Structure formats: C-alpha cells, structure tokens
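Here is a briefing on one chain.

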Amino acid sequence: MRFWGVRGSIPAPGAKTSRYGGNTPCVEVRCGDELLIFDLGSGARLLGDSHPRPLRASVFLSHYHWDHLQGLPFFSPMFDPRNQFVVYGPTRNGQTVQQILSGQMRQPYFPVSAEAVFRASVDYRPFAEGQQVQVGEAVVRALELNHPGGNLGYRVDYRQHSVVYATDIEHGSESDERLVEFARGTDVLIYDAMYTDDEYFGRVGPPKTGWGHSTWRGAVDAAQRTGAKTLVLFHHEPTRDDEWLDRVTRMVKRHLPGTVAARESLVIQL
Ligand SMILES: [Zn+2]
Ligand SMILES: [Zn+2]
C-alpha cells in the first residue's frame, strides 16, 4: 500500500510539513493486478498524475467531508475515456454516491460540472456495513464508525494479508468494540490519531469531544485490542509540523513498537 495523503481536515503545505506531507487522505492498496483507492482527498491528484494509462481502479469512499473528496475534481484519470472506475460509497441523506459527488462540482463552488468534463467510464455503487465485495482476489468489507454524519471503515483481505482503513473515528463509544471485532488480527490498522489527550479533553484550547476524531492513545488502544501487527497513525492534525510528528511517533513506539506515522510516499508491503 502507498500513502498519497495523510493529513486531516485541510491540506497543510509548507516547509514545516514537507516530510510527512500536507495532502488530505488518499491511500492506494494493490492486490495483484487490482488497484484499490481509499478516499479522494487532495493526495488523489498526485496518485492520478503518477499512474500510467489506461487506469482501472476500485475507489472506496469513507464519507463525504471535504478533506476526503477534494481531490476528485483534480483527479486527472477521470478526464480520460480510456480509464475505468468503480466508485463505492455510502448513501447519505437519501442521495446516491453519484449525486453526492457531482454536488461538490457545481456552481458557485466549482466552475464545471462532473457531467460536463469527466470522460472515464465510472460505475457508482452504494456500499454499506454488512456488505462485502470481491475485487479480483481481494475481499472488501465495511463498518460504520463513530463520526458525525457517518463514516465507513474498510477492511481488505487478500490472500493471507489484511489492512483496515479506519480514518475519522472518535473513540470512546460502543463502536470501539465493533471495530475490535472487525479489525481483529489485521496486519495493518490505519487509525485516526488526530489529537493529544490534552487537546481532546480541553486542557489546552476548546475540548474536541464530539468532533469525530481520536487521539494517539485511542489509536494505541485500538491496535492493542485488535492485535494489529502495525499501527499507522493517520489523519494528522493540520497544525502538526514534522518535528511534532517525529516526537509523538517516538512516544507511541514506547507503548507499541510496531507503529509508524503515515507520511506521503510511505509504502508498506505485506
Ligand atoms: Zn477527515
Ligand atoms: Zn470526517
């Protein structure tokens, strides 16, 4: 798997974030000949520009907050009729995946509509907790996570390996237990580690409870309870600079040695 965007909420470019990267979520998972893409944050622009054509991929969207979608209008493979996509995502507020996606490319928010400019063949499919889909030899399943407005976590099983993509999750609800079941024994757990405890509980600044994100302690707890071999800290808070992320990673490794902080271009091979 390869990380193209690891930042939460808003892109955070600049000299102080250049090592971990400032793009919002986009993760590529390769299973044999199949390319699976999780979320289309601003990192999707780089992914799209890097892959040769024709491109065929399955895209899994967790939810429709801007940071997970804002790369779509700039995802160059969509403009090329040789490319083929199946786009899976949850139905929300009575709207289909296609309606929701084309809704972000409308006046006055965007100059051209998806219908007017996208040329790739795209098959939009609803996806929900309890369903599973086979992509080549890989099996993908979804779980609703604790996040305002809903959010799907995904698990990919391919041959003897597995990855769980659990971004945008707030720990501390009954859904923690369901995630533990869902992610049990996974090789890699990608988990929202946006806040420190001090930030989360409001010891510095306003409390972040109910904002839909977890802490690095929540991430460690989830990884320990699932037995994940590798914890990937993900959805970094946009104000974190590289040095801060180095420090927190060193601290987390003392609790859980097999931890990495996601950064752009990070490749994990199973
Ligand atoms: Zn997010
Ligand atoms: Zn979100």
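Which residue just after helix 4 takes a positive phi? Gly185 does, with a phi of about 75°. This is a predicted model, in which local features need pLDDT of at least 70, side-chain atom pairs count only at pLDDT 80 or more, and totals for chains, interfaces and linings use all residues. Residues are numbered from 1 along each chain as its sequence is written, while chains are lettered from A and ligands numbered from 1 in the order in which they are written.

**Overall form**
- The chain has 7 helices and 13 strands. Helices (H or I, at least four residues) and strands (E, at least two) are DSSP runs, numbered from the N terminus.
- For 270 residues, a compact globule would have a radius of gyration near 18 Å, and the chain agrees at 18 Å. The radius is taken over C-alpha atoms; the globule rule is 2.2 Å times the number of residues to the power 0.38.
- Along the principal axes, the C-alpha atoms fill a box of roughly 50 × 40 × 35 Å.
- Of the 270 residues, 46% count as buried. A residue is buried if 20 or more other C-beta atoms lie within 10 Å of its own, exposed if 12 or fewer, and partly exposed in between, with C-beta atoms placed from the backbone.

**Strand 11**
- All 5 of the 5 residues of strand 11 (residues 188-192) are buried, so the strand is largely enclosed by the rest of the structure.
- Val188, Ile190 and Asp192 point one way; Leu189 and Tyr191 point the other.
- Strand 10 (residues 161-166) pairs with strand 11 in the parallel sense over 4 bridges. Pairing requires at least two DSSP bridges between two strands.
- Tyr165 stands opposite Ile190.
- Strand 12 (residues 230-234) also runs parallel to strand 11, joined by 5 bridges. Here Tyr191 stands opposite Leu233.

**Helix 4**
- Leu179, Phe182 and Ala183 are buried in helix 4. They cover an arc of only 80° around the axis, which puts them on the same side of the helix. The arc is that of the directions from the helix axis to the C-beta atoms.
- Exposed Glu177 and Glu181 sit on the face turned away from the buried side.
- The buried residues pack against strand 8 (138-144), strand 9 (152-158), strand 10, strand 11 and helix 6. Contact means C-beta atoms, placed from the backbone, within 7 Å.

Note on methods
Contact = placed C-beta atoms within 7 Å.
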